[in-house]
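Here's a quick walk through one protein model, from the overall fold down to a handful of residues. Have the sequence and the 3D view open as you read.

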Amino acid sequence: MADRKIKDLVRGQRAIDGAGVHLVRVLGRDTAQAFDPFLMLDSFDSENPADYTAGFPFHPHRGIETITYLIQGEIDHEDSLGNKGTIKSGQSQWMTAGSGIMHQEMPQASPRMLGLQLWLNLPQKQKMAEPRYFDITSEMIGEAEVEGGVVRVISGQYAGAKGVKPYHVQASIYDVALQAGASLTLPTKTDENVFVFLIDGDAVIDGQTVASKTAVLFGEGDAVTVAAPAGANTRFIFCSGKPLHEGISWGGPIVMNSREELDHAFEELRSGEFIKHKIVK
């Protein structure tokens with residue numbers, strides 16, 4: 001296999017969002033084209049509940065999917081139509097905003113809040129798809145033991161371990177934990193964009209030590225290799241998806257393909273015509 005080399009490094013920056021949630025913003029508008037089809041990545045890592053319990057009160061989304069994954073912690077969620085639930089440690093929620101939803105996410109106090117939210121773009125022909133919650137329990141996440149670590153397969157498959165099958169963009173997402181000094185080579189599809197996010201701990205990639213809370217975008221190839229440093233464990237999120245190569249018009253929580261579509265979405269939001277469908281569980 002031909003190992004992919006590092007194409008770009010994006011170090012997360014501290015930010016405040018929602019009603020006052022302290023987080024690390026990694027991917028955003030400036031990286032959307034390079035990381036296509038992945039739009040935004042926010043990382044949560046705090047042992048102080050005051051950093052996050054203000055949460056994200058009701059807000060709209062259209063044109064994207066939001067993938068929330070918790071290694072540790074708990075987040076209550078609810079929408080304007082009465083659907084509600086809780087994402088717990090080791091669980092995920094893959095939410096298709098599609099044509100439009102209003103929802104809120106409220107992190108609960110815990111010894112440590114460690115996780116992320118990833119935004120995945122929807123192709124133009126599926127932008128207005130019916131909204132959907134896809135609650136992913138720990139039993140739905142496949143596990144593969146590797147030398148010096150474990151791979152949890154949230155979506156896609158690896159070494160016989162299977163995760164869920166997404167409804168729209170067939171992105172593969174793994175949570176990989178490696179013990180100090182361990183190394184892992186993951187096969188990749190040559191036509192997909194691939195990156196890893198170092199969610200907890202540094203890693204050695206392509207001959208260099210990369211700091212925790214960094215997204216590593218890879219160039220062409222059919223495999224990536226990540227190693228934990230000799231003296232410390234590492235944990236990273238592997239993401240792979242076929243780029244859409246479509247226009248991106250991004251306004252806050254709404255992502256469409258053109259400025260006209262974006263303006264129309266906000267006009268519908270103002271006029272009360274934003275919600276088209278009831279959420280399907």
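What follows starts with the whole chain and then zooms in on individual spots.

## The big picture

First things first: this is a predicted model. The C-alpha trace stretches over about 55 × 40 × 35 Å along its principal axes.

Taking contacts with a separation of 6 or more, 72% of them pair residues 24 or more positions apart. As for burial, 55% of the 281 residues count as buried.

## Surface and charge

The protein exposes about 11900 Å², and carbon and sulfur atoms supply 48% of that area. On the charge side, there are 36 negative side chains and 26 positive ones. The centres of those two sets sit 3 Å apart.

## N121 and its neighbours

Now for a residue inside the fold. N121 belongs to strand β11, which covers residues 113-121. Its relative accessibility is 3%, under the 20% cut-off, so N121 counts as buried. The side chain of N121 makes a polar contact of 2.6 Å with the side chain of K127.

Setting aside residues up to four places away in sequence, N121 touches P37, L39, G63, I64, K127, V169, L244, I248 and V255. One of those neighbours, P37, deserves a look of its own. The peptide bond from D36 to P37 is cis, with omega near 15°. P37 is in the loop that runs between α1 (32-35) and β4 (38-46).

## Around β21

Strand β21 spans residues 208-210, and Q208 is part of it. With 34% relative accessibility, Q208 counts as partly exposed. Beyond its neighbours within four places in sequence, Q208 is in contact with I6, L9 and A203. Q208 and I6 are 202 residues apart along the chain, yet their C-alpha atoms are separated by 9.6 Å.

In the loop between β20 (203-205) and β21, D206 has a positive phi of about 55° although it isn't a glycine. K213, in the loop between β21 and β22 (214-218), is also a non-glycine with a positive phi, in this case about 70°. Both are worth a second look because most residues other than glycine have a negative phi. As for accessibility, D206 is partly exposed at 36%, while K213 is buried at 13%.

## L81 in its loop

One more stop: L81, found in the loop between β7 (74-79) and β8 (84-88). Is L81 buried or partly exposed? Its relative accessibility is 38%, so L81 counts as partly exposed.

Which residues does L81 contact, leaving aside neighbours within four places in sequence? They are H277, K278 and I279. For another distance, the C-alpha atoms of L81 and T66 are separated by 18 Å, with the two residues 15 apart along the chain.

How values were computed. Residues numbered from 1 in each chain as written. Predicted model: local features only at pLDDT ≥ 70, side-chain atom pairs only at ≥ 80, totals over all residues. Heavy atoms only, no water. Buried < 20%, exposed > 50% of the residue type's maximum accessible area, 1.4 Å probe, protein only. Contact = heavy atoms within 4.5 Å. Areas by Shrake-Rupley, 256 points an atom, 1.4 Å probe, with all protein chains shown as cover. Lys, Arg positive; Asp, Glu negative; His and termini not counted. Charge placed at Lys NZ, Arg CZ, Asp CG, Glu CD. Helix = DSSP H or I, 4+ residues; strand = E, 2+ residues; numbered from the N terminus. Polar contact = N/O pair within 3.5 Å; in protein donor to acceptor, adjacent residues only side chain to side chain.
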